[in-house]
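Hi everyone, thanks for making the time today. Let's look at a structure together and walk through some of its local features.

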Amino acid sequence: MKNKAYPLYDSLKQISDLKEMIRIKAEQQPEKTAFVYPCNSGEMKKSYGDLESDVNALGAWMYDKKLKDKHIAIIGENSYEWLIVFLAAVCGGSIAVAIDKALPEEEQKELLRISDAEAVFVSPTYAAKIPEEPGRPVYSFFDIDDFLEEGRHLEAGGAIEFENYGMEPDRTAAILFTSGTSGTSKGVELTNRNIAEEINQTCKLFAPEGNVLAVLPFHHAFGLVVGVLMVINYGYAIYINKSLRYVKKNMAEFGPQTMFLVPMFVEFFHKQIWAEIEKKGKVAAFKGLMKSTDLLLKTGVDVRRKTYASIHNVFGGNLEYIICGGAALDPMYVQEFRTWGIEILNGYGTTECSPCTAVNRPHHHRDGSVGQMVPGLQVKVTDEGEIAFKGDIVMKGYYKNPEATAEVLVDGWYHTGDLGFVDDEGFIILTGRKKNLIILSNGENISPEELEQDIARDAAVEEVLVYDEGGKIVAEIFPTEEHFDDIIYFNKLKDKVNKGRPLYKQIARVKLRKEEFIKNASMKIVRYKNIPTQ
């Protein structure tokens, strides 16, 4: 199919809330596998009928324990238990508070405090960090099976209040914390309508045609709403990855057709693939092969899956699509993975917009863009070049933070802080972050992301941050181990990146560091914690 506009996918019934979505799937395909996940006895499978039954049983148990109209915090690694706690809380009228398991203990306690958490569900791994407090019980994922059994007994005895609860569209369903790169986390209030419309509209842009491996953390809006809830709406099986160290093993065993990833994963896989090619001494031959298969593809002959079978096998043999979001992605990765027969669909979103606002489509994409807007969403570019959105997926606000809410929500428009433009085909192109702009003494504005992207392409660069230091542009680099002290190499790289750029856009100095930069939950470098104070 040619790369051009084509109709939206519209085969699914529009949902009004998560409770309706679960019910529809259980009615349509009760026996079909919804989740596969590792457990002590091997692998556990849950059907869509099981999913509805478990959510209802846990909901009945919650109501019996007076966990209704409460703020219910969830802390733990990705798991089926995490998801049914979230769904039971939301579908019973409570507010699910998703907290990053990897945060320091003091930060977790602070988020529990500012979110007014009235109960906590936690995995056994992190239970010791969350002690009970008066009026705030703590429950372990380890006991979920017992809760489900008790809930089923309650249902059998006539406890149907949870199942009959009517969802309210504009009621807050969840508080998800921003993982910002320049300040303190804020609690984003997403309503039932926000989440339902995000699912409805993203499902019109992209339709998986097979099973999905869920890698991104569930406390993250992209990993939860797009990577799991949207897939449930399509009715495919989701394999839950519990730890990043098992990703390659899970891919090989499960053979996903689609994965939702942040750029860090794409960059890692890309480097691993080229490292293997280099180890075999076949870089030149492989680049020639890539040119040949690209030429064949232009004539309508597609031999990529067979030619690059060894690459496909790394991902389980069935991978067709990677939906990538959460940070900027160099178009080079998109182009090379496409040559190998795996399409990376770069997208764009923010927790405040539930989160997806745009994504490239399988048969209509523009490299270097973040795709086309989800249907029903309005976009504008302010006089300062900032992207702003308005629509049903835009958050209610930041929880108990009217000042921060007023800064970004103006007349219903959410101001993203991202700079960019919309082209004549409706693709959104980002050029940088408003807060990251380097403003020089001569009045020139520079987006550090532009320089960072060019530097990061070098195989010797693991991570890079560009910033202003004393009126000079500095590139601070975390190199690969073999280049730790090779400042001569990186000065040559600086000269290469500077070539052809106007003087004011050139890097004046390179710094090398021995440790990774501090990152947030989306694996983006946290600038305010890494840039030296002036």
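**A walk through the model**

Let me start near asparagine 530: setting aside neighbours within four places in sequence, asparagine 530 is in contact with Leu465, Glu476, Arg513, Phe517, Ile518 and Ile525. Before going on, please keep in mind that this is a predicted model. Asparagine 530 is found in helix α18, residues 527-530. Is asparagine 530 buried or exposed? With a relative accessible area of 9%, asparagine 530 is buried, because anything under 20% counts as buried.

The charged end of arginine 513 sits over the ring of phenylalanine 517, 4.0 Å from its centre. There is another arrangement of this kind to look at: the charged end of lysine 19 sits over the ring of phenylalanine 162, 4.7 Å from the ring centre.

Lysine 19 takes us to helix α1. Lys19 is among the buried residues of α1, along with Leu18, Glu20, Met21, Ile22, Ile24, Lys25 and Ala26. That makes eight of the 11 residues in α1, residues 18-28, so the helix is largely enclosed by the rest of the structure. What do these buried residues pack against? Their partners are α2, α3, α6 (161-164), α7 (192-205) and α8 (221-234).

Two of those partners, α2 and α3, also meet each other. The axes of α2, residues 48-64, and α3, residues 80-91, come within 9 Å and cross at roughly 65°. The crossing is right-handed. On the α2 side the contact is made by Asp50, Leu51, Asp54, Val55, Leu58, Gly59 and Met62, and on the α3 side by Tyr80, Ile84, Val85, Leu87, Ala88 and Ala89. By class, that contact has 10 nonpolar residues, one polar and two charged.

Now for the aromatics. A pair of aromatic rings is described by the distance of the centres and the angle of the planes. How many aromatic pairs does the count come to? With ring centres within 6.5 Å as the cut-off, the count comes to 24 aromatic pairs. Tyrosine 139 and phenylalanine 147 form an edge-to-face pair, 5.9 Å centre to centre, with 90° between the planes. Both of these residues, tyrosine 139 and phenylalanine 147, are buried.

Next, have a look at tryptophan 274 and tryptophan 340. Their pair is tilted, at 6.3 Å centre to centre and 55° between the planes. This pair links distant parts of the chain: tryptophan 274 is in helix α10 (residues 263-279), tryptophan 340 is in the loop between α14 (331-339) and β13 (343-349), and they are 66 residues apart. Tryptophan 274 is buried, with a relative accessible area of 14%, and tryptophan 340 counts as buried at 0%. Both tryptophans belong to one aromatic cluster, formed by Phe268, Phe269, Trp274, Phe286, Tyr308, Phe315, Phe337 and Trp340.

Glutamine 257 has its place in the loop between α9 (247-254) and β11 (258-261). Glutamine 257 is buried, with a relative accessible area of 5%. Leaving aside neighbours within four places in sequence, the contacts of glutamine 257 are Pro208, Glu209, Gly210, Asn211, Asn318, Leu319, Glu320 and Tyr321.

I'd like to finish with the backbone. Most residues other than glycine have a negative phi, and most peptide bonds are trans. Which peptide bond is cis here? The bond from serine 354 to proline 355 is cis, with omega near 0°, and proline 355 lies in the loop between β13 and β14 (356-359).

On the phi side, aspartate 116 has a positive value of about 60° although it is not a glycine. Aspartate 116 is found in the loop between α4 (105-114) and β5 (119-122), and it is partly exposed, with a relative accessible area of 27%. Lysine 400 also has a positive phi, near 50°. Lysine 400 sits in the loop between β18 (397-398) and α15 (402-408), and it is exposed, at 62% relative accessible area.

Key:
Residues are numbered from 1 along each chain as its sequence is written. This is a predicted model: local features need pLDDT of at least 70, side-chain atom pairs count only at pLDDT 80 or more; totals for chains, interfaces and linings use all residues. Side-chain values use heavy atoms; hydrogens and water are left out. Axes are lines fitted to C-alpha atoms, for helices over the stretch in contact, and angles run from 0 to 180 degrees between N-to-C directions. Helices (H or I, at least four residues) and strands (E, at least two) are DSSP runs, numbered from the N terminus. A crossing is left-handed if the near helix is turned anticlockwise from the far one by less than a right angle, and right-handed if clockwise. Contact means heavy atoms within 4.5 Å. Ala, Val, Leu, Ile, Met, Phe, Trp, Tyr, Cys and Pro count as nonpolar, Asp, Glu, Lys and Arg as charged, and the others, Gly among them, as polar. Rings of Phe, Tyr and Trp (its six-membered ring) pair if their centres lie within 6.5 Å; planes under 30 degrees apart count as stacked, over 60 as edge-to-face and the rest as tilted. Buried means under 20% relative accessible area, exposed over 50%, partly exposed in between (1.4 Å probe, protein chains only). A charge sits over a ring if NZ of Lys or CZ of Arg is within 6 Å of the ring centre and within 35 degrees of the ring normal.
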